[in-house]
Amino acid sequence: MFKPDFDFLVFIGRFQPFHAGHQAVVETALQRAERVIVLIGSSYQPRTLRNPWTFAEREAFIRATFPEAGERLMLAPLLDDTYNEQGWITRVQQTVHGITCRFPPKVGSAAPRVGLIGHSKDHSSYYLSMFPQWQSVAVENVRGVSSTPLREQYFQHGTTHSEIPPAVQTWLENFRGSDAFQHIASEWEFVNQYRKGWEAAPYAPTFVTVDAVVVQAGHILLIERKARPGKGQWALPGGFLDPHEKLRDAVIRELREETRIKVPAPVLAGSIVKEQVFDDPYRSARGRTITHAFLIELKPDAHGLPKVKGGDDAQHAFWMPLGDLDPERLFEDHFQIIKTMIG
């Protein structure tokens, strides 16, 4: 008779793609717990080199690998909160509680037995120590498998690796004929060419950029990107710092170049109310890019929102109600920058 150590074991990952190492963790979890909760991180983001598959697609990966698990295997999306670790921890706790509370505890048990399972020797395994209320279960990483080279092989050469479960390989073979595959493969080609421009440098460069978070009357000013990476995605107006330029001057220059906003530069500069650095190492596929975001709050005007028009690197410029923001359409970490800056 099956006597599990846990009522629930929680496994958190991005699964881009789901590989043999992930499979081993889920198999161990199913052996030790009555039910397994898989939280799929980086959900509801645009397709990028690091996160090319949607939540629904990754859910399909995992379901196809464990068709017999049925209702014992529960999957849920988990949004990133890169610049608010406590917010991310709270979201994990709330998601797990929302699932476990649907199952009444066994007779004689005050609360469900919940554990957290993951790789013990993985660069992302630090999260195993973030939830002291749950027992940690460490599983060795199978043959050191990592998702990054598997993604590179797939999108640059169109082939899958033996470390990917057969059911996932079949799914990826079908995906290879999609427009989404072609989009990501083109992004890979662009980034590889971009990096060749500085591959002879003794050290990888760190780029400095600026982004303008311009708000007025419950709207935010966005652009549609004209070029790769992120072609067609929504973004904050911004760009690279010029060699002899101060950050505040740069953000006003980029804002005016990309949106042609009908507001004088001194008024824009005088409307800056907040600035913050965003330095997640993985925020840009082009290389280490540290951006300085500036919150510009324009006063409501009886004439309406200032006129804007796309220019420079922007295909279009437009005002959007803050309530209509879609994280799956926003470039890189711009959705998280907006959340952090506006609150």
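Arg143 is found in the loop between strand S5 (135–139) and H4, where helices (H or I, at least four residues) and strands (E, at least two) are DSSP runs numbered from the N terminus. The model is a predicted one, in which local features require pLDDT of at least 70 and side-chain atom pairs count only at pLDDT 80 or more, whereas totals for chains, interfaces and linings use all residues. Residues are numbered from 1 along each chain as its sequence is written, and side-chain values use heavy atoms, with hydrogens and water left out. Phi of Arg143 is near 50°, a positive value in a residue other than glycine. With 64% relative accessibility, Arg143 counts as exposed; buried denotes under 20% relative accessible area, exposed over 50%, and partly exposed the range in between (1.4 Å probe, protein chains only). A positive phi of about 50° is also found at Arg260, which is not a glycine. Arg260 lies in the loop between helix H7 (247–259) and helix H8 (265–270) and is partly exposed, its relative accessible area being 45%.

Two cis peptide bonds are described next. One joins Gln16 and Pro17, with omega about 5°; Pro17 is placed in the loop between strand S1 (6–13) and helix H1 (20–32). Another joins Arg228 and Pro229, with omega about 0°, and Pro229 belongs to the loop between strand S7 (219–225) and strand S8 (234–235). A further proline, Pro300, is located in the loop between strand S11 (289–297) and strand S12 (314–321). Pro300 is exposed, at 68% relative accessibility. The C-alpha atoms of Pro300 and Val215 are 9.7 Å apart in space, while 85 residues separate the two in sequence.

The protein as a whole contains nine helices and twelve strands. Its C-alpha atoms fill a box of roughly 75 × 45 × 35 Å along the principal axes. Of the 343 residues, 48% count as buried. Among contacts (heavy atoms within 4.5 Å) with a separation of 6 or more, 71% are accounted for by residues 24 or more positions apart.

Apart from neighbours within four places in sequence, Ile62 is in contact with Phe15, Phe18, Val38, Ile40, Leu73 and Leu75. Asp81 lies in the loop between strand S3 (73–77) and helix H3 (85–100) and is buried, with a relative accessible area of 12%.

In helix H5 (residues 166–175), the residues Val168, Gln169, Leu172 and Phe175 are buried. These cover an arc of only 120° around the axis and therefore lie on the same side of H5, the arc being that of the directions from the helix axis to the C-beta atoms. Pro166 and Asn174, on the other side of H5, are exposed. The cover over the buried residues of H5 includes helix H2 (55–65), helix H4 (147–157) and helix H6 (179–196).
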